[in-house]
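Subject: Structure handover

Hello,

Here is the structure I promised you. Please open it first, then read my notes below.

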Amino acid sequence: MSIKGFMKKISMIGMVAFMGISMSTPVLAVTPSYHVHPYSFSIDQSEVSVKEGETFALKAGGSAATLGTTSWKTSDDSIVKICSTESGSFGFYNGYRVKLQALKTGTAVITAINTKNSNALTCKVIVEKEETDEPEMTNPDMCLETPVILSVTNSGTSKAGGISVSWKAVDGASQYQVQVSPKKDFSTTKIDKMTNKTSYSAAWNYYNNVGSGTKNPTYYYRVKAIADDDTESAWSDVVSCPVS
(Lines give C-alpha, C1' and ligand atoms only; values in the text may rest on other atoms or scores of the structure.)
Protein backbone atom coordinates (compact mmCIF):
# COMPACT_ATOMS: atom_id res chain seq x y z
CA MET A 1 0.00 0.00 0.00
CA SER A 2 1.29 3.45 -0.87
CA ILE A 3 1.86 6.10 1.80
CA LYS A 4 -0.94 8.15 0.27
CA GLY A 5 -3.41 5.21 0.47
CA PHE A 6 -2.33 4.42 4.04
CA MET A 7 -2.91 8.02 5.16
CA LYS A 8 -6.37 8.02 3.50
CA LYS A 9 -7.38 4.87 5.41
CA ILE A 10 -6.15 6.35 8.72
CA SER A 11 -8.18 9.49 8.01
CA MET A 12 -11.37 7.48 7.41
CA ILE A 13 -10.91 5.46 10.61
CA GLY A 14 -10.42 8.67 12.58
CA MET A 15 -13.58 10.17 11.13
CA VAL A 16 -15.61 7.05 12.07
CA ALA A 17 -14.21 7.13 15.61
CA PHE A 18 -14.99 10.83 15.88
CA MET A 19 -18.63 10.19 14.92
CA GLY A 20 -18.92 7.43 17.57
CA ILE A 21 -19.67 4.63 15.10
CA SER A 22 -18.13 1.19 15.60
CA MET A 23 -16.74 -0.42 12.42
CA SER A 24 -17.70 -3.87 13.74
CA THR A 25 -21.24 -3.03 14.90
CA PRO A 26 -23.99 -2.78 12.26
CA VAL A 27 -26.41 0.13 12.55
CA LEU A 28 -29.99 -1.19 12.90
CA ALA A 29 -33.05 0.64 11.66
CA VAL A 30 -35.75 0.37 14.35
CA THR A 31 -39.35 0.59 13.26
CA PRO A 32 -41.66 1.74 16.07
CA SER A 33 -44.52 -0.61 16.96
CA TYR A 34 -47.81 1.27 17.02
CA HIS A 35 -50.61 -0.07 19.22
CA VAL A 36 -53.22 1.44 16.92
CA HIS A 37 -52.90 3.81 13.99
CA PRO A 38 -54.96 6.83 15.04
CA TYR A 39 -56.35 7.54 11.59
CA SER A 40 -57.57 4.09 10.54
CA PHE A 41 -59.78 1.31 11.84
CA SER A 42 -57.52 -0.95 13.91
CA ILE A 43 -57.70 -3.83 16.40
CA ASP A 44 -55.28 -4.13 19.31
CA GLN A 45 -54.41 -7.84 18.87
CA SER A 46 -54.35 -10.18 15.90
CA GLU A 47 -53.81 -13.37 17.95
CA VAL A 48 -54.13 -14.18 21.65
CA SER A 49 -53.81 -17.30 23.79
CA VAL A 50 -55.94 -17.71 26.92
CA LYS A 51 -56.85 -20.43 29.39
CA GLU A 52 -60.22 -22.11 29.84
CA GLY A 53 -62.50 -20.00 32.03
CA GLU A 54 -60.53 -16.78 31.53
CA THR A 55 -62.24 -13.51 30.72
CA PHE A 56 -60.38 -11.01 28.55
CA ALA A 57 -60.97 -8.02 26.29
CA LEU A 58 -60.23 -6.84 22.77
CA LYS A 59 -60.36 -3.27 21.53
CA ALA A 60 -60.87 -1.65 18.15
CA GLY A 61 -60.89 1.98 17.14
CA GLY A 62 -60.01 4.72 14.73
CA SER A 63 -60.60 8.37 13.98
CA ALA A 64 -64.00 10.02 13.87
CA ALA A 65 -63.59 10.50 10.12
CA THR A 66 -63.09 6.78 9.43
CA LEU A 67 -65.09 5.08 12.17
CA GLY A 68 -68.75 4.42 12.72
CA THR A 69 -69.78 2.10 15.52
CA THR A 70 -68.14 -1.31 15.90
CA SER A 71 -69.98 -4.62 16.01
CA TRP A 72 -68.36 -7.85 17.22
CA LYS A 73 -68.85 -11.49 16.21
CA THR A 74 -67.40 -14.82 17.35
CA SER A 75 -66.96 -17.71 14.96
CA ASP A 76 -67.78 -20.26 17.68
CA ASP A 77 -69.63 -19.15 20.82
CA SER A 78 -69.14 -22.57 22.39
CA ILE A 79 -65.38 -21.79 22.55
CA VAL A 80 -65.32 -18.01 23.06
CA LYS A 81 -68.43 -16.18 24.22
CA ILE A 82 -69.13 -12.45 23.87
CA CYS A 83 -70.11 -11.10 27.31
CA SER A 84 -70.59 -7.40 26.65
CA THR A 85 -69.52 -4.51 24.43
CA GLU A 86 -68.96 -0.85 25.23
CA SER A 87 -67.56 2.34 23.78
CA GLY A 88 -65.23 4.80 25.46
CA SER A 89 -61.66 6.03 25.71
CA PHE A 90 -59.36 3.01 25.59
CA GLY A 91 -56.27 4.60 24.05
CA PHE A 92 -58.05 5.02 20.72
CA TYR A 93 -59.94 7.72 18.93
CA ASN A 94 -63.57 6.55 19.37
CA GLY A 95 -62.62 3.21 20.93
CA TYR A 96 -64.79 0.13 21.24
CA ARG A 97 -64.17 -2.79 23.61
CA VAL A 98 -65.60 -6.29 23.79
CA LYS A 99 -65.40 -8.46 26.90
CA LEU A 100 -65.03 -12.17 26.17
CA GLN A 101 -64.89 -15.47 28.04
CA ALA A 102 -62.98 -18.59 27.00
CA LEU A 103 -65.27 -21.58 27.60
CA LYS A 104 -63.35 -24.62 26.32
CA THR A 105 -60.21 -25.59 24.43
CA GLY A 106 -60.16 -24.82 20.75
CA THR A 107 -59.76 -21.92 18.34
CA ALA A 108 -62.22 -19.17 17.53
CA VAL A 109 -62.00 -16.00 15.47
CA ILE A 110 -63.34 -12.72 16.85
CA THR A 111 -64.30 -10.20 14.17
CA ALA A 112 -64.64 -6.43 14.65
CA ILE A 113 -66.77 -4.81 11.95
CA ASN A 114 -66.70 -1.08 11.22
CA THR A 115 -70.34 -0.25 10.50
CA LYS A 116 -69.44 2.90 8.58
CA ASN A 117 -67.57 1.18 5.75
CA SER A 118 -67.97 -2.56 6.58
CA ASN A 119 -64.23 -2.99 7.12
CA ALA A 120 -63.60 -6.14 9.17
CA LEU A 121 -60.61 -7.02 11.35
CA THR A 122 -60.03 -10.34 13.08
CA CYS A 123 -58.25 -11.75 16.10
CA LYS A 124 -57.50 -15.46 16.40
CA VAL A 125 -58.17 -16.72 19.92
CA ILE A 126 -56.52 -19.95 21.04
CA VAL A 127 -58.04 -21.44 24.18
CA GLU A 128 -55.77 -23.81 26.09
CA LYS A 129 -56.60 -26.17 28.92
CA GLU A 130 -56.04 -24.84 32.39
CA GLU A 131 -53.51 -27.02 34.21
CA THR A 132 -54.74 -27.74 37.75
CA ASP A 133 -53.85 -30.28 40.41
CA GLU A 134 -57.51 -30.99 41.06
CA PRO A 135 -60.43 -31.07 38.65
CA GLU A 136 -62.34 -27.82 38.75
CA MET A 137 -65.94 -27.35 37.77
CA THR A 138 -66.42 -24.49 35.36
CA ASN A 139 -69.61 -22.58 34.74
CA PRO A 140 -70.10 -21.91 31.02
CA ASP A 141 -72.78 -19.34 31.86
CA MET A 142 -70.63 -16.98 33.93
CA CYS A 143 -71.52 -14.12 31.61
CA LEU A 144 -74.65 -12.42 32.87
CA GLU A 145 -77.58 -12.18 30.55
CA THR A 146 -78.70 -8.72 29.46
CA PRO A 147 -81.67 -7.41 31.47
CA VAL A 148 -84.98 -6.95 29.66
CA ILE A 149 -87.01 -3.88 30.65
CA LEU A 150 -90.65 -4.83 31.27
CA SER A 151 -92.29 -1.47 31.94
CA VAL A 152 -91.55 2.23 32.21
CA THR A 153 -93.70 5.12 33.43
CA ASN A 154 -92.93 8.82 33.48
CA SER A 155 -96.01 10.37 35.02
CA GLY A 156 -97.23 13.68 36.30
CA THR A 157 -97.54 16.92 34.40
CA SER A 158 -97.23 18.93 37.60
CA LYS A 159 -93.94 19.93 39.14
CA ALA A 160 -94.10 16.83 41.34
CA GLY A 161 -93.57 14.26 38.63
CA GLY A 162 -92.34 10.70 39.11
CA ILE A 163 -90.67 7.86 37.21
CA SER A 164 -90.60 4.08 37.56
CA VAL A 165 -88.98 1.22 35.66
CA SER A 166 -89.05 -2.57 36.09
CA TRP A 167 -87.13 -5.38 34.42
CA LYS A 168 -86.78 -9.16 34.28
CA ALA A 169 -84.50 -10.72 36.92
CA VAL A 170 -81.11 -12.01 35.71
CA ASP A 171 -79.71 -15.27 37.12
CA GLY A 172 -76.47 -14.64 39.01
CA ALA A 173 -77.04 -10.91 39.42
CA SER A 174 -76.78 -9.45 42.92
CA GLN A 175 -77.59 -5.87 41.96
CA TYR A 176 -78.59 -3.69 39.04
CA GLN A 177 -77.51 -0.28 37.77
CA VAL A 178 -80.34 1.96 36.54
CA GLN A 179 -79.79 5.05 34.41
CA VAL A 180 -82.30 7.67 33.25
CA SER A 181 -81.25 10.34 30.79
CA PRO A 182 -82.77 13.09 28.63
CA LYS A 183 -80.23 12.06 25.97
CA LYS A 184 -80.56 8.87 23.93
CA ASP A 185 -76.77 8.34 23.98
CA PHE A 186 -76.66 8.79 27.80
CA SER A 187 -73.98 11.45 27.45
CA THR A 188 -75.57 12.92 30.56
CA THR A 189 -77.71 11.18 33.18
CA LYS A 190 -80.30 12.51 35.60
CA ILE A 191 -80.57 9.25 37.56
CA ASP A 192 -77.74 6.72 38.05
CA LYS A 193 -78.60 4.37 40.91
CA MET A 194 -77.80 0.86 42.19
CA THR A 195 -80.50 -1.46 43.53
CA ASN A 196 -80.83 -5.13 44.48
CA LYS A 197 -84.46 -5.17 43.33
CA THR A 198 -85.90 -5.64 39.85
CA SER A 199 -87.62 -2.27 39.83
CA TYR A 200 -86.83 1.34 40.65
CA SER A 201 -89.03 4.36 41.21
CA ALA A 202 -88.46 7.93 42.28
CA ALA A 203 -90.40 11.14 42.71
CA TRP A 204 -88.63 14.09 41.17
CA ASN A 205 -89.29 17.55 39.82
CA TYR A 206 -88.61 16.98 36.13
CA TYR A 207 -89.21 20.67 35.36
CA ASN A 208 -85.99 21.44 37.20
CA ASN A 209 -84.20 18.91 35.00
CA VAL A 210 -85.48 19.86 31.56
CA GLY A 211 -86.91 23.35 32.09
CA SER A 212 -90.46 24.47 32.71
CA GLY A 213 -90.84 25.53 29.07
CA THR A 214 -90.39 21.95 27.77
CA LYS A 215 -93.63 20.23 26.82
CA ASN A 216 -93.92 16.49 27.42
CA PRO A 217 -90.14 15.83 27.58
CA THR A 218 -88.91 12.33 26.73
CA TYR A 219 -86.57 10.36 28.99
CA TYR A 220 -84.50 7.28 28.15
CA TYR A 221 -83.98 4.27 30.40
CA ARG A 222 -81.47 1.41 30.55
CA VAL A 223 -80.45 -1.26 33.09
CA LYS A 224 -77.30 -3.36 33.65
CA ALA A 225 -76.90 -6.49 35.82
CA ILE A 226 -73.89 -6.94 38.15
CA ALA A 227 -72.75 -10.09 39.99
CA ASP A 228 -70.98 -10.42 43.36
CA ASP A 229 -67.61 -10.85 41.58
CA ASP A 230 -68.26 -7.58 39.69
CA THR A 231 -69.04 -9.37 36.42
CA GLU A 232 -71.29 -7.06 34.43
CA SER A 233 -73.85 -7.68 31.73
CA ALA A 234 -74.29 -5.51 28.69
CA TRP A 235 -76.70 -2.61 28.99
CA SER A 236 -80.30 -3.42 28.21
CA ASP A 237 -81.99 -2.06 25.10
CA VAL A 238 -82.80 1.62 25.60
CA VAL A 239 -86.49 2.33 26.28
CA SER A 240 -87.91 5.83 25.86
CA CYS A 241 -90.92 7.30 27.61
CA PRO A 242 -92.37 10.83 27.36
CA VAL A 243 -93.81 12.56 30.40
CA SER A 244 -97.55 11.96 30.37
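Please keep in mind that this is a predicted model.

Start with the whole chain. The protein chain has 244 residues, and 33% of them are buried. It holds two helices and 15 strands. Among contacts with a separation of 6 or more, 62% join residues 24 or more positions apart. The exposed surface comes to about 15,100 Å². Carbon and sulfur atoms supply 51% of that surface.

Next, one of the sheets. Four strands make an open sheet, ordered β2-β8-β7-β4, with mixed pairing. On average, neighbouring strands here are turned by 25 degrees against each other, direction ignored. Within this sheet, β7 (residues 106–114) and β8 (residues 120–128) run antiparallel, joined by eight bridges. To find your way along the pair, look at V109, whose bridge partner in β8 is K124.

Then go to β11, residues 175–181. Six of its seven residues are buried, so the strand is mostly covered (buried means under 20% relative accessible area). β11 pairs with β14 (residues 218–226) in the antiparallel sense, over seven bridges. There, Q179 has R222 as its bridge partner. β11 also pairs with β12 (residues 191–195), again antiparallel, over five bridges. In that case Y176 is partnered by T195.

Last, the charged pairs. The whole structure contains four salt bridges.

- K129 and E52 meet at 3.9 Å, N to O. K129 sits in the loop between β8 and β9 (149–155), and E52 in the loop between β2 and β3 (55–61). The two are 77 residues apart. K129 is exposed, at 54% relative accessible area. E52 is partly exposed, at 22%.
- R97 and E86 have their closest N and O atoms 2.6 Å apart. R97 belongs to strand β6 (residues 95–102) and E86 to strand β5 (residues 80–88), 11 residues apart. Both count as partly exposed, R97 at 23% and E86 at 31%.
- E232 and K224 come to 3.1 Å between their closest N and O atoms. E232 is partly exposed, at 30% relative accessible area. K224 counts as buried, because its relative accessibility of 10% falls under the 20% cut-off.

That is the tour.

Best wishes

Technical notes. Residues are numbered from 1 along each chain as its sequence is written. This is a predicted model: local features need pLDDT of at least 70, side-chain atom pairs count only at pLDDT 80 or more; totals for chains, interfaces and linings use all residues. Side-chain values use heavy atoms; hydrogens and water are left out. Two strands pair if DSSP finds at least two bridges between them. Axes are lines fitted to C-alpha atoms, for helices over the stretch in contact, and angles run from 0 to 180 degrees between N-to-C directions. Buried means under 20% relative accessible area, exposed over 50%, partly exposed in between (1.4 Å probe, protein chains only). Contact means heavy atoms within 4.5 Å. Accessible areas come from the Shrake-Rupley method with a 1.4 Å probe; for residues, only the protein chains shown count as cover. A salt bridge is a side-chain nitrogen of Lys or Arg within 4 Å of a carboxyl oxygen of Asp or Glu.
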